[in-house]
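I am opening a notebook page on this structure. The entries follow the order in which I looked things up.

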Amino acid sequence: MTKIVYEIVEHNGGWAYKLNDVFSETFDTKEQATVAANDVAARQQVSGEDETIQYQDENGAWRVEDEAGDDRPDVEIRNGSK
């Protein structure tokens, strides 16, 4: 199972949540960023339809895979410093 970790961090004079090196919009307070991250995490758990996906892997080869709509990631929210 895939694991997604959103981290609450200070960013651009406010607070944001980030996934790896990608930041959300900036929020005025840490609490607002946490609420937004929890909303995004909840939406990660919503099942969808089974789909066939096509993507290019890190070596440039094209892949086709069938993905189950109920295969949802494990999501964690981590509060950053301060």
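I began with Y6, which is buried at a relative accessible area of 6%. My cut-offs are these: buried is under 20% relative accessible area, exposed is over 50%, and partly exposed lies in between, with a 1.4 Å probe and protein chains only. This is a predicted model, so I take local features at pLDDT of at least 70 and side-chain atom pairs at pLDDT 80 or more, while totals for chains, interfaces and linings use all residues. Residues are numbered from 1 along each chain as its sequence is written, and side-chain values use heavy atoms, without hydrogens and water.

**Aromatic pair**

I searched the whole structure for aromatic pairs and found one. Y6 and Y17 form that pair, edge-to-face, at 5.6 Å centre to centre with 90 degrees between the planes. Y6 lies in strand β1 and Y17 in strand β2, so the pair ties together parts that are 11 residues apart in sequence. For the record, rings of Phe, Tyr and Trp (its six-membered ring) pair if their centres lie within 6.5 Å; planes under 30 degrees apart are stacked, over 60 edge-to-face, and the rest tilted. Y17 is buried too, at 15% relative accessibility.

**The open sheet**

Next I traced the strands. Helices (H or I, at least four residues) and strands (E, at least two) are DSSP runs, numbered from the N terminus. Two strands pair if DSSP finds at least two bridges between them. Four strands form an open sheet with mixed pairing, in the order β3-β2-β1-β6. At the edges sit β3 (22-23) and β6 (74-79), each pairing on one side only. β1 (residues 3-11) and β2 (residues 14-19) pair in the antiparallel sense over six bridges.

I then checked what lies over this sheet. Helix α1 (residues 30-44) lies across β1, β2 and β6 and runs at about 165 degrees to β1. Axes here are lines fitted to C-alpha atoms, for helices over the stretch in contact, and angles run from 0 to 180 degrees between N-to-C directions.

**Two residues of β1**

Which residue in β2 stands opposite H11? I found G14 there. H11 belongs to strand β1 and is buried, with a relative accessible area of 19%. Leaving out residues up to four places away in sequence, H11 touches A16, F23, S24 and T26. Contact means heavy atoms within 4.5 Å.

E7 also has its place in strand β1. At 30% relative accessibility E7 is partly exposed. With residues up to four places away in sequence left out, E7 touches A16, Y17, K18, R78 and G80. I also noted N79: E7 and N79 are 72 residues apart in sequence but 5.8 Å apart in space, C-alpha to C-alpha.

**Salt bridges**

How many salt bridges does the structure hold? I count four. The test is a side-chain nitrogen of Lys or Arg within 4 Å of a carboxyl oxygen of Asp or Glu.

D39 pairs with R43, the closest N and O atoms being 2.5 Å apart. D39 and R43 are four residues apart in helix α1, so about one helical turn separates them. D39 is partly exposed at 41%, and R43 is exposed at 53%.

D57 meets R63 in another salt bridge (2.8 Å, N to O). Here D57 is buried at 11%, whereas R63 is partly exposed at 38%.

R78 meets E76 at 3.0 Å, N to O. Salt bridges that share partners join K3, E76 and R78 into one network. R78 is partly exposed at 43%, as is E76 at 25%.

**The β4-β5 hairpin**

My last stop was β4 and β5. Strand β4 (residues 51-56) pairs with β5 in the antiparallel sense over six bridges. The two strands form a hairpin with five residues between them. G60 in the turn has a positive phi of about 90 degrees. I53 stands opposite E65 in β5. How many buried residues does β5 (residues 62-67) have? The count is zero among its six residues, so I wrote the strand down as hardly covered.
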